[in-house]
Amino acid sequence: MSDAFEAKILAFLCNWCAYAGADLAGVSRFQYPSSLRVIRTMCSGRVDPLYVIEGLKSGYDQVAVFG
Amino acid sequence: MKMVETLLDICGIGRRRMALRWVSAAEGQLFADTVKELTKSTQELGPFDAQEHRLQLAAIEGALKSPRIRWLTGMDRHLTERGNVYNEKIDLETFQKMEREVAEDEYQKALLLEALREGPLSVREMAARTGLPVYTVSLKLNDLERRGLADLKGFEGSTPKFIRLAA
């Protein structure tokens, strides 16, 4: 591991909202950090609270849900 | 998700380890800004040690699976705006207070059950492992015994040792 700490964030993205938003951010070439690991879900409402805990258990520094 | 935030606060990990944000398909800039903001705040928090919080995370899972929490989650608007079957409306503050109490109770019980996975423990050992006060351990253990989830295993000298039952 390198000495500098780089935050790792697990993100659940709603297919219809945030995922498209992220796509747009990419297409428009908006710069944003590479700390996000994305999981696309068909709706952010189907993200069980247990997934958040599972994410933290797996070693992510933060778990984010984007709707 | 509010319940997860509450539970993260209760166990000492803190709600800043999770985030719930709204970004529409048209808001590319907002998405980029949000990612920047979250990365910055997580960077400030530092790395998360999952191993160190193993017991707490397992307890949160246990609490989230408990019927009481599953029934209560998402009932805030129903109970504060529409009322229950007796047509009684509860104000939001009372509801949140109760929600917090239930979350704390279920979390502490789940935490004890997780600690007991390691084998028979005395009340003092459970308190040391979970960081809960001895009195709280004693109270919750009593509850677990009544529900048939934990039981007295035997005595080590004059110290009673307890075990987890089934599941």
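Which residues in α2(A) meet α3(B), and which residues in α3(B) do they meet?

1. **Helix contact.** This is a predicted model. On the α2(A) side, the residues are A:Pro49, A:Leu50, A:Ile53, A:Leu56 and A:Lys57. In α3(B), they meet B:Leu57, B:Ile60, B:Glu61 and B:Leu64. By class, the contact of α2(A) with α3(B) divides into seven nonpolar residues, no polar and two charged.

2. **Helix geometry.** The axes of α2(A) and α3(B), the latter spanning residues 54-65 of chain B, come within 10 Å. They cross at roughly 170°. Angles over 145 degrees count as roughly antiparallel, so α2(A) and α3(B) are roughly antiparallel to each other.

3. **Whole interface.** Chain A puts 32 residues into the contact, and chain B puts in 33 residues. On the side of chain A that touches chain B, α1 (18-27), α2 (49-57) and β3 (62-66) each supply at least two residues. That side of chain A divides into 23 nonpolar, seven polar and two charged residues.

4. β3(A) is joined to β1 of chain B, residues 18-21, by four bridges. The two strands run parallel. One bridge partner pair is A:Val65 with B:Leu20 in β1(B).

5. **Nonpolar core.** The largest nonpolar core has 60 residues. Within this core, B:Leu7 and B:Tyr107 touch the most other members. Helix α6 of chain B, residues 92-116, gives the largest share of the core, at eight residues. Beyond its neighbours within four places in sequence, B:Leu7 is in contact with B:Ile60, B:Ala63, B:Ala103 and B:Tyr107.

Definitions and conventions:
Residues numbered from 1 in each chain as written. Chains lettered and ligands numbered in written order. Predicted model: local features only at pLDDT ≥ 70, side-chain atom pairs only at ≥ 80, totals over all residues. Contact = placed C-beta atoms within 7 Å. Nonpolar A, V, L, I, M, F, W, Y, C, P; charged D, E, K, R; others polar. Pairing = 2+ DSSP bridges. Axes fitted to C-alpha atoms, helices over the stretch in contact; angles between N-to-C directions. Parallel < 35°, antiparallel > 145°, perpendicular 65-115°, else oblique. Core = buried A, V, L, I, M, F, W, Y, C linked by C-beta atoms within 7 Å. Buried ≥ 20, exposed ≤ 12 C-beta atoms within 10 Å, placed from the backbone.
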